[in-house]
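Here is a short briefing on the side-chain links and packing in one protein. Have the structure open as you read.

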Amino acid sequence: MNDNDTRIRTLESTVAKIPAGSAGAQFISSFDFEEATTSLTTADASNNGNTLTVNNVGSAIIAQGHSRNGLLLDGISGYAYNAAPKLALREELTVSAWVFRTAAGGASQTIIAHEGQFSLGIINNSVQLAVQTETGPVSAYVGTGTVPLNSWTHVMGSYDGVGIRIFVNGMLTSYTPYSNGIIKTVAANVPLRIGNRSTQPADSEFLTARVDEVRISPTAEGRGMFPRFTRVQGYAGDDADNGLLAGRALTVVKRADSTGLRIVWSDNFRVQIINNACRWEVLFNGTSCTNPGSLVFDKYEGATTSNRHDPSTFVGTCVGLAAGNIAITTRVGPTPAYSGADCYTGWKSQLFSIEAEEVQ
């Protein structure tokens, strides 16, 4: 079992809130396609018994699954379905599968869908999830996460009533705010489909891939993943008037492109020389924040030379930063239109602290 497999098993186990009995009992549908390659049905390992019928044109159970057997879909007419599934979805959901794309196929391809409720698909090579709610807008695919050709990739989408998360190989690739509440209830005769979205040509969205280990859960994966929190603290002072501040720096591993980094900086700040000002700034990978703008703190010294080292706390959030390692540094310099100030950061043995928190 490789690192991806281990991470994904952990993710799937956190989704489960129902004690597991038989394999897959923690899900409301669970398909492993372990039947004989001549079979035209595949069992649901959950307690709901949503057995799938395999279309005998363009799809088949084959030996080349992710784990033993899997389902082959030709991208033209292949799919599997249950005509009247039992899916108790109301407040939350998670849908996931292992996918081995065998060709590029169409721009919109459905992995699994219950029309009018949800659809997990590959849209322009990225995994995305659409969710329809009782009061929300017409559902539309959202999310990012590349799904390559010719390799097994685990894809997962979740909805918790306020947002949609996408995971690829166990890593969060996007978070989209989606505060639309309760999942829509649909008629009992709306089919559950794997490999396409409907029988109508305009909405078919056929998938060109092999799939395995398809899961549907009534709970949302990803709750509690945020915030990601990092801190640096110490007792050093810095008398720099212009430039980077030594020691007041940290690195955070940002999980998703769509989140923000909230910075809380508590320190002592001094400006000396009458009618002058200093500016302190937080930088991200060496550059100023662009959305909503530079994260800066200015302090002005009026008609005194009191030499006060005032304790202050600066708070700001920068959004639009790409996922990955973000080096957070700090600098001091003159406030625009002011020059010649004597700046100082910190004071004697007083604690400074800089905290970075990934927020949705």
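**Disulfides, cores, rings and charges**

Cys289 and Cys318 are joined by a disulfide, with an S to S distance of 2.2 Å. This is a predicted model. A search of the whole structure finds two disulfides, eight aromatic pairs and 14 salt bridges.

**Disulfide Cys289 to Cys318**

- The torsion about the S-S bond of Cys289 and Cys318 is about 100 degrees, so this disulfide is right-handed.
- Cys289 sits in the loop between β21 (287-288) and β22 (295-301), and Cys318 sits in strand β23 (residues 310-319), so the pair ties together parts 29 residues apart in sequence.
- Are these cysteines, Cys289 and Cys318, buried or exposed? Both Cys289 and Cys318 are buried.

**Disulfide Cys278 to Cys343**

- Cys278 and Cys343 form a disulfide, S to S 2.0 Å.
- The link of Cys278 and Cys343 is left-handed, with -90 degrees about the S-S bond.
- Strand β20 (residues 276-284) holds Cys278 and strand β25 (residues 342-345) holds Cys343, so the pair ties together parts that are 65 residues apart in sequence.
- Cys278 has a relative accessible area of 0%, so it is buried.
- Cys343 has 1% relative accessibility, so it also counts as buried.
- With the bonded cysteines of the protein numbered in sequence order, the pairing is 1-4, 2-3.

**Nonpolar cores**

- The largest nonpolar core has 38 residues.
- Which residues have the most contacts inside this core? They are Leu93, Ile111, Ile112, Phe118 and Ile194.
- Neighbours within four places in sequence aside, Phe118 is in contact with Leu87, Leu89, Leu93, Val95, Ile112, Ala113, Ala130, Val131, Leu192 and Ile216.
- Another core, of 27 residues, lies apart from the largest one. Among its residues are Leu250, Phe269, Val332 and Ala341.

**Aromatic pairs**

- The ring centres of Tyr159 and Tyr178 are 5.8 Å apart and the planes are at 80 degrees, so this pair is edge-to-face.
- Tyr159 is in strand β11 (residues 152-159). Tyr178 is in the loop between β13 (171-177) and β14 (192-194). The pair links distant parts of the chain, 19 residues apart.
- Tyr159 and Tyr178 are both buried.
- For Phe269 and Phe297, the ring centres are 4.9 Å apart and the planes are at 35 degrees, so the pair is tilted.
- Phe269 is in strand β19 (residues 260-272) and Phe297 is in strand β22. This pair too links distant parts of the chain, 28 residues apart.
- Phe269 and Phe297 are both buried.
- Ring pairs link a cluster made of Trp265, Phe269, Trp280 and Phe297.

**Charges over rings**

- Arg193 has its charged end over the ring of Tyr79, 4.6 Å from the ring's centre.
- Arg210 lies over the face of Phe100, 4.1 Å from the ring centre.

**Salt bridges**

- Glu115 and Arg197 meet in a salt bridge through their side chains, 2.9 Å N to O.
- Glu115 lies in the loop between β8 (108-114) and β9 (118-123), and Arg197 lies in the loop between β14 and β15 (208-217), so the pair ties together parts that are 82 residues apart in sequence.
- Glu115 is partly exposed, with a relative accessible area of 36%.
- Why does Arg197 count as buried? Its relative accessibility is 15%, and buried means under 20% relative accessible area.
- Arg197 also meets Glu205 in a salt bridge, 3.7 Å N to O.
- Glu205 is buried, with a relative accessible area of 17%.
- Glu357 forms a salt bridge with Arg262, and the closest N and O atoms are 3.6 Å apart.
- Glu357 lies in strand β26 (residues 352-359) and Arg262 in strand β19, so this pair ties together parts that are 95 residues apart in sequence.
- Arg262 is partly exposed, with a relative accessible area of 33%.
- Which residues do salt bridges with shared partners join into one network? They are Glu115, Arg197 and Glu205.

Technical notes:
Residues numbered from 1 in each chain as written. Predicted model: local features only at pLDDT ≥ 70, side-chain atom pairs only at ≥ 80, totals over all residues. Heavy atoms only, no water. Core = buried A, V, L, I, M, F, W, Y, C linked by side-chain atoms within 4.5 Å. Buried < 20%, exposed > 50% of the residue type's maximum accessible area, 1.4 Å probe, protein only. Contact = heavy atoms within 4.5 Å. Disulfide = S-S within 2.5 Å. Helix = DSSP H or I, 4+ residues; strand = E, 2+ residues; numbered from the N terminus. Phe/Tyr/Trp six-rings, centres within 6.5 Å; stacked < 30°, edge-to-face > 60°. Lys NZ or Arg CZ within 6 Å of the ring centre and 35° of its normal. Salt bridge = Lys/Arg side-chain N within 4 Å of Asp/Glu carboxyl O.
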